[in-house]
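Student: I would like to learn how to read helix packing in a model. Can we go through it step by step?

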Amino acid sequence: MLNNMTDCEEAEGGPNSQGDGNPKESSPFINSSAASDAEKSQQYDGKNMALFEEEMDTSPMVSSLLSSLANYSNLPTGSKEHEEAENNEEGARPSKKPVKVPQLGTLMGVYLPCIQNIFGVILFLRMTWMVGIGGVLGSFIIVFMCCSTTMLTAISMSAIATNGVVPAGGSYYMISRSLGPEFGGAVGICFYLGTTFAGAMYILGCIEILLIYIVPQAAIFKIEGLEGAEAEAALLNNMRVYGTIVLSFMSLVVFVGVKYVNKLALVFLACVILSILAVYAGVIKTALDPPVFPVCLLGNRTILSKGYDICAKVIEIDNDTVTTKLWRTFCDSDSINATCDDYFNTNNVTEIQGIPGVTSGILAENLFGNYLEKGMFLEKRGLASDADPDSPPAGSNRYVLADITSFFTLLVGIYFPSVTGIMAGSNRSGDLRDAQKSIPIGTIAAITTTSIVYMSSVVLFGACIEGVVLRDKFGEGVNGNLVIGTLAWPSPWVIVFGSFFSTCGAGLQSLTGAPRLLQAISRDGIIPFLRVFGHGKDNGEPTWALLLTASICEIGIIIASLDAVAPILSMFFLMCYMFVNLACALQTLLRTPNWRPRFKFYHWALSFLGMSLCLSLMFICSWYYAIVAMGIATCIYKYIEFCGAEKEWGDGIRGISLSAARFALMRLEEGPPHTKNWRPQIMVLVSVDAEQNVEQPRLLSLTNQLKAGKGLTIVGTSVQGTFLDNYVESQRADQSLRKLMETEKVKGFSQVVISSNLRDGTSHLVQVGGLGGLKHNTVMVCWPKNWKQPEYHQHFRNFIEVVRETTVASMALLVPKNIHSYPSNGERFTEGHIDVWWIVHDGGMLMLLPFLLRQHKVWRKCKMRIFTVAQMDDNSIQMKKDLIIFLYHLRIDAEVEVVEMHDSDVSAYTYEKTLVMEQRSQILKQMHLTKNEREREIQSITDSSRGSIRRKNPPGLRSQQSVEEASVAEKPEDEVQLIHSKNAASPTSPTSPAAPADKGQTANAEAGKDLFNMKPNQTDLRRMHTAMRLNEVITKKSKEAKLVLLNMPGPPKNRVGDENYMEFLEVLTEGLNRVLLVRGGGREVITIYS
């Protein structure tokens, strides 16, 4: 409810708008006034609140909370007072008028507006025709379906409307706050389009009444003498011209001032009610004294009333047979011997009563439908007709013909707009004294009233009016009268003028409401390109929105046919109602804690039934219009999702996501994934600098290329410190991660932990990342840069601990080396190779990773090569054949090469390199001197070592050694102290006597020089030999490869050899540009089976 109350000002662009079109949230629950400390102390003195005074900014006293609630006002959209409040804040108006408290009750605020909006043009112009075409039974089913749909929707709407304060904005506000900005925006636009096309429909109905029933001679395009398509085109052109004129006039009235529309609303409502009462009065009169409305039939065909003066072929005048106008219509002359139409000759003329009355029993004849093809004759059932099927077709200007092909679904589409308008009460929620009480009662009462009227009208029309008259859409067989008008009492003109003014009023109401709805959507800021329509005149009138509404309305006017426009707006209204029902059903099923409606007579099953009815009616009316409407809504939904403003309205869709996520996570817990479903779910470990910016952004580029947006990605980092002191830094780091993930298009989650040291923080990330069954199975960590330098000494130790932890946790490990040289997502390799060096089997990770990389456009054109190593006793030819077959079954295209590595002696260079590596480790462990003395001693030992290697090795191999060894001399006091032997004594301070220091220096120097007499460890020697041999082969084969994937050897179990391990890996990858070291997770990740 808190969100519901705070968002009203956001929707209206109230006092909290900052002028940039991005409304800000405000809440009556939070005391946001900036008070000084002195004021606060005075405020809470003597109120027994000293214990809570430090939290008063965020947690106000109950008294201030209740005061804010009592003074809260939900102003109607675009109200003048609200606009003045906004202008007053900007300094435009120094004075502010007091806002009037809404005073409308249920009758005036909800019931009558709903009645006025529901009753409309369809009742007067198409209801009788629908009964004649569909029959009483078919029409009753249509009316019952449509009225049931709106009743169920009203129940759902009442539940939503009573679940907290509903500010002005009505249905759009309810849907958007219940289903989120995406659904809210999509449905809001659909509702807006429906209201706009409703305006076009009302205007077309108004013009139809004017040109056909009131002043036919006003037609610009004359219809007299035209037949078929020409007459239809002339009528539609008249509708277009006059419709455009009326639309322009109505738009001008709305622009000048909506107050005139509101003042005339009661007049228009009175016209509607009087017209309906006149119809009921006419029905009663038919039971007592049926009116005389003769209809002339030739055979069983209805004749145009303008084609005869007397319903007879000939008449007797003074014993002389005289032909009538009807004779002249069907024959070529006045003569009694003239040549006449065959059908005219063979059939008699009959005159029947158009309105036989409610007691005549005509209901039985009208009970079933009589659907017609376009151009068919209107024929009376049960009347004899003698027609020759071979005779040429008769002139169409003699009979009443069907103007369109009719079928059941067409009738549904045309009729449904006559039950829309149920949102009129909720749209006025800002004007209601008690919206939570008035909206349910008023809306349901209005739907009940209108449903009774519609259902009774269907039965009464079928019981009172002859079938051929009912099917006569434009009253051409009853002297051009409005058919429903022929039934009315005391005069048909009551209905004609009543319906004319009611359609005018409904058109004005649509042109008034639609721009305000668009303005509310625009001011919410969820659809960026609509923001311009949120602006208006100084008094809040939505000028730009009115201009767009009139333009869209003109599209409906150009269509010109009332029967073609009605299904269009039916689609948009049905979609809106469908989502109202969906919102109620979701909130009920999800049992959201905030879902506490005061209206208790709802159930999720009713809402679901209403939603199903709406969806069914959409496709019943017109399946292609339904698809177009859904397409429009989907496009708007996706646009808001990708480009719209981020809004958090506590919507039900979030609840669905949470429920679905919980269900999926529970399912994932049931067991580990099958090998066929295994994919790398990556935890990317990154480091951040002092400003909390990511130091290795290319790690995320590689992740994106490897994942292509699929599976789980967690980007994690750790911040050193305590949670209380460093929470702000962690939030900044999290924002930095999210921003980089968005830039690199990595779909996943960010995670930041705060720990007393970075080693523990990284360990926590590896352990607790993910949730339930959605956990990472692969860790990606960058190769520690400059690991030989003293200041980065701890970095490589942390790195090796990560390797050990992933091994224990049975996770795969990816270590990209030289990450800065990896391609960004925007780069493309037009050629090149991805080389896989498959030395040991690790579950297939080395095969799977290149395949995944090649799915991305960066690596798509690179070819894959697989190298494997054969020992002396291996059959290299057979190995190659087996590997080709294996790759074939894996459905992986790659070149295969088997590299033979023969046994060879350890080279002198390898021997010396291993020796120097071990000496360096031992030196740093045994030395125990002050800082300056250590530096001098290390330098002397290093010089001796360098001289020894110079004597034993050729000049070409010295450069790499010197770089590696030089770093030993730079180890500061702290680093040496970290790795010294546990049995060594603590270092002497600079203030200590010099004699003990000199003694210790002499002893350590002797021990250091003895190191050059030692022999290297045989295990280290073999490992160094393997690393150098492999590096030699890899460099030879893959020097030009775009990427080299290589098995990563495991770390030593004894931590004493950590530095040696790093040296082995360095030697193994020396001279290669991009290397991805891969370590499997101890399970098969690729299979040959389907």
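Tutor: Start with handedness: the crossing of α20 and α21 is left-handed. A crossing is left-handed if the near helix is turned anticlockwise from the far one by less than a right angle, and right-handed if clockwise. Helices (H or I, at least four residues) and strands (E, at least two) are DSSP runs, numbered from the N terminus. This is a predicted model, in which local features need pLDDT of at least 70 and side-chain atom pairs count only at pLDDT 80 or more, while totals for chains, interfaces and linings use all residues. Residues are numbered from 1 along each chain as its sequence is written, and side-chain values use heavy atoms, with hydrogens and water left out.

Student: At what angle do α20 and α21 pack, and how far apart are their axes?

Tutor: Two packed helices are described by the angle between their axes and the distance between the axes. Axes are lines fitted to C-alpha atoms, for helices over the stretch in contact, and angles run from 0 to 180 degrees between N-to-C directions. Helix α20 (residues 562–590) and helix α21 (residues 604–621) pack at about 160°, with axes 8 Å apart. α20 is therefore roughly antiparallel to α21 (under 35 degrees counts as roughly parallel, over 145 as roughly antiparallel, 65 to 115 as roughly perpendicular and the rest as oblique).

Student: Which residues of α20 and α21 make the contact?

Tutor: Contact means heavy atoms within 4.5 Å. Among them are Met-571, Leu-574 and Met-578 of α20, and Trp-604, Phe-608 and Met-611 of α21. By class, the contact of α20 with α21 has 17 nonpolar, 4 polar and no charged residues. Here Ala, Val, Leu, Ile, Met, Phe, Trp, Tyr, Cys and Pro count as nonpolar, Asp, Glu, Lys and Arg as charged, and the others, Gly among them, as polar.

Student: How do α7 and α13 pack?

Tutor: Helix α7 (residues 127–161) and helix α13 (residues 408–415) are at an angle of about 70°, their axes 9 Å apart. They are therefore roughly perpendicular to each other, and their crossing is right-handed. The contact includes Trp-129 and Ile-133 of α7 and Phe-408 and Leu-411 of α13. Its classes are 16 nonpolar, 2 polar and no charged residues.

Student: Which residues of α5 are buried?

Tutor: Buried means under 20% relative accessible area, exposed over 50%, partly exposed in between (1.4 Å probe, protein chains only). In α5 (residues 106–118), the buried residues include Val-110, Leu-112 and Ile-115. The buried residues of α5 pack against α10, α14, α15 and α18.
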